[in-house]
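Dear colleague,

Please find below the sequence and structure for your records. My notes on what was found follow directly after them.

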Amino acid sequence: MFGTSIHWTTFFNLLIDTIIVLYSLYVSFKKKYSNLNRFIYLGFSFITYNITGGFLPINNFPGPIIIQYIITYSVAIFLCLYIIYYLYKEYDIVVLKYNLTLRKVVLITIFGFILLFLFPYFISGSLNISRYLFTIPISIFAFVFLIIFYRNISKPSNSNTFILRRNKLSTLSLACIALLPIFTIIGDYQWITFTLMNTAFYAITIMEIDRYLFFIKNNTRMFEIFALKKKQRDDFVKQKIIYEDLTRREIEITLSILSELNYKNIAKELFIAESTVSKHASNIFKKTGVKNRSEFLKRFLNKQK
């Protein structure tokens, strides 16, 4: 299309991604909903991925062809790592099995690209050799990571359909990342690789929409909390609790605390570690100007009744 290498499917995905990001920006600015920031950054990453990978390589690009491939591969790698970061934050994961931290995933991927792609290319001058040397090991690592991640988040006995849907969509987005190196080896078929990667974005988009619908259906008190905002602005000193400063997870835990659940039950309800609940609760208390759980309940529980 347009005298470039971009495929019509890539251009279509670019348009869809742009619409999703623009709408997210509209919602974020109009409603001052800062919890969408991470999703918006993800959307911009996908837009950049579609542009660089779709339009490059081009013949009149200054410098050797390898520069264009470095750009496209670097953007793709960043995008994959950001998706992993997004899901780590989604599940409050610090360390997976085998001490697989986010930092280690990043280092393995970056050093793998340098050692298995760039060095072989400058030695052999063959893009195909470099591609095989990099994509085969990284694909194996990606599938191992996918299995470890899925085992960490899957709860077969969990009857909460929202959590089950979120697990399936998260697994789908990671599966797209794991399959990307394989399709890269097969060949430069944009309509396959870019459709695959954009599927990961659409899966995460569905996760965000599903979360919003879940809050509406099952957490009607969310509206009671956000309804306090206008009154809080009018009487800021007397009702110093600023919900727009709370993260999405902190809002969930705030609701659970206001339900007078203990940390153990909150952890069970949200499928996170009890220590994670305690950490978030500490942040909530700091942001709302109280010292502990008892003071928090004393100050705000009556306002919810």
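I begin with a loop: Asp 92 lies between α3 and β1 (95-96). Its phi is near 55°, a positive value in a residue other than glycine. Most residues other than glycine have a negative phi, and most peptide bonds are trans. Helices (H or I, at least four residues) and strands (E, at least two) are DSSP runs, numbered from the N terminus.

Please note that this is a predicted model, in which local features need pLDDT of at least 70 and side-chain atom pairs count only at pLDDT 80 or more, while totals for chains, interfaces and linings use all residues. Residues are numbered from 1 along each chain as its sequence is written, and side-chain values use heavy atoms, with hydrogens and water left out.

The protein chain has an average pLDDT (the predictor's confidence in each residue, from 0 to 100) of 83, and 84% of the residues score at least 70. Over residues 221-244 the pLDDT is below 50, and this stretch has 36 contacts in the model beyond near neighbours in sequence. Contact means heavy atoms within 4.5 Å.

Two helix pairs deserve a description. Helix α2 (residues 37-55) packs with helix α3 (residues 65-90) at an angle of about 160°, their axes being 9 Å apart. Axes are lines fitted to C-alpha atoms, for helices over the stretch in contact, and angles run from 0 to 180 degrees between N-to-C directions. α2 and α3 are therefore roughly antiparallel to each other (angles under 35 degrees count as roughly parallel, over 145 as roughly antiparallel, 65 to 115 as roughly perpendicular and the rest as oblique). Residues of α2 that meet α3 include Phe 39, Leu 42 and Phe 46, and among those of α3 are Val 75, Leu 79 and Tyr 82.

In the second pair, the axes of helix α4 (residues 102-124) and helix α5 (residues 127-153) come within 7 Å and cross at roughly 165°. α4 is therefore roughly antiparallel to α5. Among the residues making this contact are Ile 108, Phe 113 and Leu 116 of α4, together with Leu 133, Phe 134 and Phe 141 of α5.

With kind regards
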